[in-house]
Amino acid sequence: MLATVTSAPGLAQDEIFAITQPVELRQNDPENIEVGELIYRGGVVIEPGEEKIGGISGLEWHDGLLYAVSDDGKWLTIEPDEINGRLIDVLTITRGDLNDERGRRLRDKEDADAEAITRDADGNWLVSFERRHRVWRYSNLAEGAGADLEYPPSILFGAQGNSGIETLAQLGDRLLVCGEWAGTDRDNCSIVVDGGEIAFEVTPPPELAEHGGVPTDAACGSDGTCYILFRSYREGQGNRAAIVAMSIEGDTETIASLLPSLTLDNFEGLALREQFGKTFLYLVSDNNFSENQRTLLMKFEIRQTEPLIAATPEPEVNYETTDVVLETEMGDIKIRLETERAPITAANFLRYIDEGRFDGTVFYRAMKLEREPMPNGLIQGGTQFDPERILPGILHEPTTQTGLSHTNGALSMAMGEPGTANGDFSIMLADQVGLDAQPGSNDPIWKNGYAVFGYVIEGMDVVSAIHALPADPDKGEGMMVGQILADPVTILDARRVEEPAE
């Protein structure tokens, strides 16, 4: 397979092609895709090619791309090609130079040996270097100059030669930093926050500790869990790797040990991606620009497990609700609005109903996701910014405030940003909990999520039928291309359900 590789701004714009080949977790048993708490979701080998792609030593997921740094002072972006959540290829690779304090390209190996990358709470890039040990902040990887942190991690001091800070991961306002050592008289990790620092030791699992296992990267999820990648190498026995989960309280648990005869190499990069209520980890290996090592890019899903001990059930609470019905050309959809738990959003929807603003509007969009259970995705309808119908935007009620979630049948307000929701809404087909608020995200949309305010209680067959209608490939903009229905479905009447007489 071929992936386009483009040079970064300021460099020659020649395009080359990186050759990739798919790999299985177990080459002799490709159907066996589980290891520990991980499920293998595909991977590739990226061949060096004429541009000598390699030396990748850190990884970060951001805005649809994997960001990386390399031992020769480069930054890279990798766009994965995925089908039904499985990594099958690499679409594009972009590469550029990391700059020094004056904005000049790093040249000398002592200065250019980049080992880890993360994105801080302000949207800057943090990059760690070894040999000349430091962590630099870049406002822009392609054009910016490196700058020292105001409060550099103390474990920088005393780092030796080729064993420096290999691990950076941001969690809210906290920075997780780990050095490339373990089991010494110096703690190998620390949390830096507000100019203070807490040092501690994270140990590799025994099967790596006996082979000299050390931290090489980390990534943190929105729930506060950080995942630390360990790797080891022993002559004659090859590479090993493990992923250790660390809770916000500091408790650790090994979720997977990657041992021979699995597909392995010198894993030095770990990125975390949260999508549709699932957590995925990407691993990348550093080939050290050697013919004896490979650049592997592999994707795993963290298994969602049930607690071993059932929680004490919460006492049942009956919240105030109001039932409404949307009478459409294809049948009725009955909805229960959460007027107590989402009072602002539900009241807004009721005002649109009571003033007849939904009558004659349409369901116009069907987002279709190719994953189980099927059908999967959402439908969207409403006023479509019709100036004769829309009301002013309303205060956002995030799911962290209401306790509601984007589960199957949930109603959610469409919006551009918090405070702009008016008269467009969506109905979920299957769980879409990735649309819930994610407090740990740096993106304001995902940080606040979308507002759930009710659930379909009758008529999901009508929702599914609308969802199944064909789309017009020429309609829509941006992410909505291919999702606009060729023949929208009219809402004939929207009304409250009359309470039965006592």
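Student: Is glutamate 498 buried or exposed?

Tutor: In this predicted model, glutamate 498 is exposed, with a relative accessible area of 74%, which is above the 50% cut-off for that class.

Student: What does the side chain of glutamate 301 make a polar contact with?

Tutor: The partner is the side chain of arginine 41, at 2.9 Å. Leaving aside residues up to four places away in sequence, glutamate 301 also touches Glu37, Leu38 and Ile39, as well as Lys278, Thr279 and Phe280.

Student: Switching topic, in what order do the 4 strands of the open sheet come?

Tutor: The order is 13-14-15-16, with antiparallel pairing, and the twist from one strand to the next averages 20°.

Student: Which strands stand at the edges?

Tutor: Those are strand 13 (165-171) and strand 16 (196-200); each has a single partner strand, so one side of each has no neighbour in the sheet.

Student: How many bridges join strand 14 to strand 15?

Tutor: There are 4 bridges between strand 14 (residues 174-179) and strand 15 (residues 189-193), and these two strands run antiparallel. Cysteine 178 has cysteine 189, in strand 15, as its bridge partner.

Notes
Residues numbered from 1 in each chain as written. Predicted model: local features only at pLDDT ≥ 70, side-chain atom pairs only at ≥ 80, totals over all residues. Heavy atoms only, no water. Polar contact = N/O pair within 3.5 Å; in protein donor to acceptor, adjacent residues only side chain to side chain. Contact = heavy atoms within 4.5 Å. Pairing = 2+ DSSP bridges. Axes fitted to C-alpha atoms, helices over the stretch in contact; angles between N-to-C directions. Buried < 20%, exposed > 50% of the residue type's maximum accessible area, 1.4 Å probe, protein only.
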